[in-house]
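Let's take a walk through this structure together.

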Amino acid sequence: MGRGQYILRRLVQMIPVLLGITVIVFFLIRAIPGDPAIAMLGERATEPALERMRHAMGLDKPLYVQYAYFMRDLAKLDLGKSTRYGVPVTEILFTRLRVSLFVVVYTTVLTTLLSLPLGILAALKKDSLFDNIVRSAMMVTLVMPSFWVGIMFIILFSVKLGIFPVSGYGTGFLGHLHHLFLPSLTISLTIAPILIRALRNSILEVMNQDYVKTARAKGLAEQSVMTVHVLRNALIPAVTLLGISIGGLMGGTVITEKVFALPGAGALLIDSITARDYAMLQAGTLVFACLVILVNLATDIIYSFLDPRVRF
Amino acid sequence: MTVDTSQTMSLAGSEHGVRKPRSAWDRARRNRNLMLGLGLFALLVLIAIAAPLLAPFDPFALDYGNTLQPPSLAHLFGTDHLGRDIFSRVLFGARIDLRVGIISVISPFIIGMVLGSLAGFYGGWADTYIMRLVDVVQAFPFLILVIAIVAVRGPGLQNMYIAVALVAWIVYARLVRGEILVEKNKEYVQAARAIGSTDWRIMRRHLLPNVITTSVVYAMADIALYILLAAALSFLGLGAKPPTPEWGVMITEGRQYITTAWWISALPGLAIVLTGIILSLIGDGLADFLRPERR
C-alpha cells in the first residue's frame with residue numbers, strides 16, 4: 001500500500017469517529033434538564049417561537065429522526081442561531097477561531113523553540129547539574145495550574161515590569177505577536193515538559209543503538225553522528241508527541257483566553273455557558289473536536305513522511 | 001579437615017553476589033522519590049485532617065478592618081479582600097482539593113479497568129465497540145468535553161466527578177487492554193485455563209494483579225491532574241463556588257487584586273504546585289518500584 005492509499009484509509013477511518021462526535025454533541029444538548037427548545041432560544045422566547053423551534057429540532061419526532069435533522073443542518077453548516085448575538089453561530093465562531101488558531105500556532109512554535117535545545121542538552125549532559133535543573137523545573141511546570149501561571153505572568157511581566165500588555169489581541173501581525181506572547185508561553189509551559197522528557201529519553205535510547213556505535217567506530221565526527229544518526233531518529237517520537245499535545249492544547253486555549261481576555265473561540269465557548277447560549281456551546285464543542293481530529297490526522301501523515309519504516 | 005559450611009554459605013550470601021531477594025519494604029525504602037513523596041503526602045493528609053486545629057483563624061470569618069493585608073506574622077499568607085486569613089483558607093483548602101483529586105480518580109479507574117479488561121480479554125465485538133468508543137471520546141479535547149458536560153449538567157464539583165468519570169476512563173481502558181493482550185497469551189494464563197479456571201477467575205486472580213500496576217501509577221499522577229482540573233473549573237465558574245476555600249476559587253478571587261495584593265492568588269497556587277510535586281514524586285517512585293526493569 002502506498003502513501004496515497006494510507007492517507008485515504010486514514011480519512012475513511014475518520015468517518016466513524018466523526019459520526020461518534022456528532023452523536024455525542026447531539027445528545028449533549030438533549031442532556032440539558034428541561035426543554036431543549038427553551039435551552040436553544042432562551043427563557044424569554046414566546047410560545048409560538050418555541051413551538052417552531054420544537055418542530056425544527058424535530059422534538060416531536062423519534063430520536064433518530066431528530067438526529068437526521070441535526071445531520072442535515074450540519075451538512076449545510078447550519079449550526080443554529082446564537083441566542084446571545086442573534087446571528088448564526090458559525091458567523092461569530094469562525095471569526096473568533098482565528099485568534100485561537102493564532103495562539104495554537106504561536107504556542108507550537110514557542111514549545112518547539114523551548115523543547116528542542118533543552119531536551120537535546122539534557123540528554124547530552126545526562127545526570128549533570130544542567131540535566132537535573134531541567135528535570136526538576138519540568139516537574140514543577142507540569143503541575144502548575146495554567147490559569148495561575150497566566151495570572152503570575154501578568155503580575156510579573158505586565159504589572160511590575162510593563163513589558164507585555166495585560167490583555168487583548170493587538171493589531172497587525174507584530175501586534176498579535178506581542179500581545180499573544182504571554183498567553184502562548186503560558187500554554188507552552190504545560191506542554192514543553194512532556195516534550196523535553198520524551199526528547200531526552202529518545203535521544204538517550206538512540207545513542208545506545210548499534211548503528212550509532214558503528215558510526216562512531218568508523219571514525220565519524222561526533223557532530224555528524226549527532227545530526228545524521230541520533231537526532232534524525234530521536235526527533236520522530238517527539239514530533240508525534242507534539243502533534244498529540246497540540247490536540248490537548250486546544251483545551252488549554254480555553255482557559256488562557258479567559259485569563260488574558262482574548263477574543264478567541266475558547267473564551268466564546270465559556271461565555272456561551274454563562275449566557276446559556278447552547279447553540280454556540282454545541283457548535284464550539286463540535287468545531288474544537290473536529291480540529292483535534294484534523295491535527296491528529298496531520299500528525300499521522302507527517303509521521304509517515306518522517307519515518308520510512310512506517311508500515312502502511 | 002572439616003569445612004564450616006555455615007560460614008561458607010554466609011560468605012557466599014554476602015560477598016559473592018548470591019544475594020537474598022530483597023523484601024518489598026526493603027526495595028521501597030531504597031526508593032528515595034517514593035519515600036519522600038509518601039512522607040510528604042502523609043504530612044499533607046495530616047494537615048488536611050488537622051486543619052481546624054492548625055488554622056489560626058476561621059477560614060470564613062470576615063474582618064473588614066484587616067482587608068488586603070500583606071503576609072506578616074499575624075497573617076502568615078496575608079488576608080484577602082474580605083479580610084479572611086489566607087493561610088487558614090489554604091489549610092482548609094487541602095481538605096477539599098485532596099478529596100476532589102482522590103474521588104475524581106476512582107470512577108474512571110474502575111470503569112476503565114472493567115471495560116479495558118473486557119476488550120482485551122474477549123476481543124471480538126466487545127473489543128471493537130469499546131475501542132471505537134474510546135476513539136470517539138479521545139477525539140474530544142479532554143477539557144472541552146468536561147466543560148461541555150459540566151455546562152449542560154450545571155456547575156459544581158458533583159458534576160465534575162460525573163464528567164471526569166465519563167471522559168477519563170479511556171486512559172485506563174487503553175492501558176489495561178494493551179497489557180491484557182500481552183499477558184493473556186502467556187503460559188501462566190494458559191496453565192490456569194488448562195486446569196479449568198473460569199474466565200472470571202483468570203481475570204481476577206491472574207491477569208488483573210499483573211496488569212494493574214501501570215494504571216495505579218497513572219492514577220497517582222491523575223490525582224494531581226484532577227486537582228488542577230477542579231481549580232481550572234472553579235476559575236471558569238463551573239467548579240466549587242465562593243466562599244468555599246478551594247484553592248482554585250481562592251486564586252480566582254484574588255485575580256481582581258493582582259496589582260495590589262499578589263498573595264491572594266499566588267499562595268493558593270503554590271499549594272497546588274506543592275501538592276502536584278508530591279504526587280509526581282509518588283508516581284515516579286511507584287513507576288520505579290513496581291517495574292524495576294524499566295529504570
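A:Ser146 sits in helix H7 of chain A, which covers residues 146-160. Helices here are DSSP runs of H or I with at least four residues, strands are runs of E with at least two, and both are numbered from the N terminus. Keep in mind that this is a predicted model: local features need pLDDT of at least 70, side-chain atom pairs count only at pLDDT 80 or more, and totals for chains, interfaces and linings use all residues. As for names, residues are numbered from 1 along each chain as its sequence is written, while chains are lettered from A and ligands numbered from 1 in the order in which they are written.

Back to our serine. Is A:Ser146 buried or exposed? A:Ser146 counts as buried because it has 26 C-beta neighbours inside 10 Å. (Buried means 20 or more other C-beta atoms within 10 Å of the residue's own, exposed means 12 or fewer, and partly exposed is in between, with C-beta atoms placed from the backbone.) Setting aside neighbours within four places in sequence, A:Ser146 is in contact with A:Thr186, A:Ile187, A:Thr190, A:Gly252, A:Ile255 and A:Thr256. Two residues are in contact if their C-beta atoms, placed from the backbone, lie within 7 Å. A:Gly20 is 126 residues away from A:Ser146 along the chain, and their C-alpha atoms are separated by 30 Å.

Now zoom out to the whole of chain A. Its secondary structure comes to 13 helices and zero strands. The C-alpha trace spans about 85 × 60 × 35 Å along its principal axes. Of the chain's 312 residues, 38% count as buried. If you take contacts in chain A between residues at least 6 apart in sequence, 70% of them join residues at least 24 apart.

How do helices pack here? Two packed helices are described by the angle between their axes and the distance between the axes. In chain A, take helix H5 (residues 89-124) and helix H9 (residues 181-207): their axes come within 7 Å and cross at roughly 35°. (Axes are lines fitted to C-alpha atoms, for helices over the stretch in contact, and angles run from 0 to 180 degrees between N-to-C directions.) The crossing of H5(A) and H9(A) is right-handed. That label is used if the near helix is turned clockwise from the far one by less than a right angle, and left-handed is used if it is turned anticlockwise. By class, the contact of H5(A) with H9(A) has 18 nonpolar, six polar and one charged residues. Ala, Val, Leu, Ile, Met, Phe, Trp, Tyr, Cys and Pro count as nonpolar, Asp, Glu, Lys and Arg as charged, and the others, Gly among them, as polar.

Chain B has a helix pair to look at too. Helix H5 (residues 86-122) of chain B packs with H12(B) at an angle of about 35°, their axes 11 Å apart, and the crossing is right-handed. H5(B) brings B:Ile86, B:Val90, B:Gly93 and B:Asp97 to this contact, and the residues from H12(B) include B:Trp263, B:Leu267 and B:Thr275.

Where do the two chains meet? The contact takes 33 residues from chain B and 36 from chain A. On the chain B side, helices H6 (124-139), H7 (142-153), H10 (199-235) and H12 (263-290) each supply at least two residues. H12(B) gives the most, with eight residues. That side of chain B divides into 24 nonpolar, six polar and three charged residues.

Next, the largest nonpolar core: it has 166 residues, and those with the most contacts inside it are B:Val146, B:Ile147 and B:Ala230. (A nonpolar core is a set of buried Ala, Val, Leu, Ile, Met, Phe, Trp, Tyr and Cys residues joined through C-beta atoms within 7 Å.) H10(B) provides the largest share of this core, 18 residues.

A cis peptide bond joins B:Pro242 and B:Pro243, with omega about 5°. A:Asp127 has a phi near 65°, a positive value in a residue other than glycine. A:Asp127 is exposed because it has 9 other C-beta atoms within 10 Å.
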